[in-house]
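Here is a friendly note to read with the model open beside you. Please take the points one at a time and find each residue as you go.

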Amino acid sequence: QVQLVESGGGLVQAGGSLRLSCAASGMMFSISTMSWYRQAPGKERELVAASSSGGNTNYTESVKGRFTISRDNAKSTVYLQMSSLKPEDTAVYFCNARVRLVDYTIREYWGQGTQVTVSS
């Protein structure tokens, strides 16, 4: 079984910064894409940023220039550095990983979510 454990959420004032972490553990052969999603109250879950195993990244338009996704493959960990936070960034942030297991099957896993609240 594979687990994703997130940390780093919290309450911050507008203009502030937070860094989210997500560590994957379990019987994995490799991890391809690691991503961050978020879901605000009453809204659908949306992709915030993604990082491929080769280092390619992509961001949703609203966070470009403010958020940076990075990963430490040796630690099976992905980070989301969030700066210049806005109240509209308030949401539960979820980590997602596309994993090739030791039997070579590919499965997708989600973290439990971490709350980010930005006050105005």
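The points below go from the whole chain to single residues.

1. A word on the model before the details. This is a predicted model, in which local features need pLDDT of at least 70 and side-chain atom pairs count only at pLDDT 80 or more, while totals for chains, interfaces and linings use all residues. Residues are numbered from 1 along each chain as its sequence is written, and side-chain values use heavy atoms, with hydrogens and water left out.

2. Start with the overall fold. The chain has 11 strands and zero helices; helices (H or I, at least four residues) and strands (E, at least two) are DSSP runs, numbered from the N terminus. The radius of gyration is 14 Å, close to the 14 Å that the globule rule gives for 120 residues, so the chain is as compact as a globular protein of that length. That radius is taken over C-alpha atoms, and the rule is 2.2 Å times the number of residues to the power 0.38. Along its principal axes, the C-alpha trace spans about 50 × 25 × 25 Å.

3. Now look at what is hidden. Of the 120 residues, 40% count as buried; buried means under 20% relative accessible area, exposed over 50%, and partly exposed in between (1.4 Å probe, protein chains only). Among contacts with a separation of 6 or more, 54% come from residues 24 or more positions apart, where contact means heavy atoms within 4.5 Å.

4. Next, find the disulfide. A search of the whole structure finds one, a disulfide being a pair of cysteine sulfur atoms within 2.5 Å. Cys22 is joined to Cys95, with an S to S distance of 2.1 Å. The pair links distant parts of the chain, with Cys22 in strand S3 (residues 18-26) and Cys95 in strand S9, 73 residues apart. The link is left-handed, with -80° about the S-S bond. Are these two cysteines buried or exposed? Cys22 counts as buried at 0% relative accessibility, and Cys95 is buried at 0% too.

5. Ala24 is buried, with a relative accessible area of 8%. Leaving out residues up to four places away in sequence, Ala24 touches Gln3, Leu4, Ile31, Lys75 and Ser76.

6. Turn to the charged side chains. How many salt bridges are there? The count comes to four, a salt bridge being a side-chain nitrogen of Lys or Arg within 4 Å of a carboxyl oxygen of Asp or Glu. Arg38, Glu46, Arg66 and Asp89 are linked in a network of such bridges. In the pair of Glu46 and Arg38, the closest N and O atoms are 2.7 Å apart; Glu46 is partly exposed at 31% relative accessible area, whereas Arg38 is buried at 6%.

7. The pair of Arg66 and Asp89 also has its closest N and O atoms 2.7 Å apart. This pair links distant parts of the chain: Arg66 is in the loop between strand S6 (57-59) and strand S7 (67-72), and Asp89 is in the loop between S8 and S9, 23 residues apart. Arg66 is buried at 12% relative accessible area, and Asp89 is buried at 1%. Beyond its neighbours within four places in sequence, Asp89 has contacts that include Arg38, Phe67 and Ser84.

8. Lys64 pairs with Glu61, their closest N and O atoms being 3.1 Å apart. Lys64 is partly exposed at 46% relative accessibility, and Glu61 is exposed at 59%.
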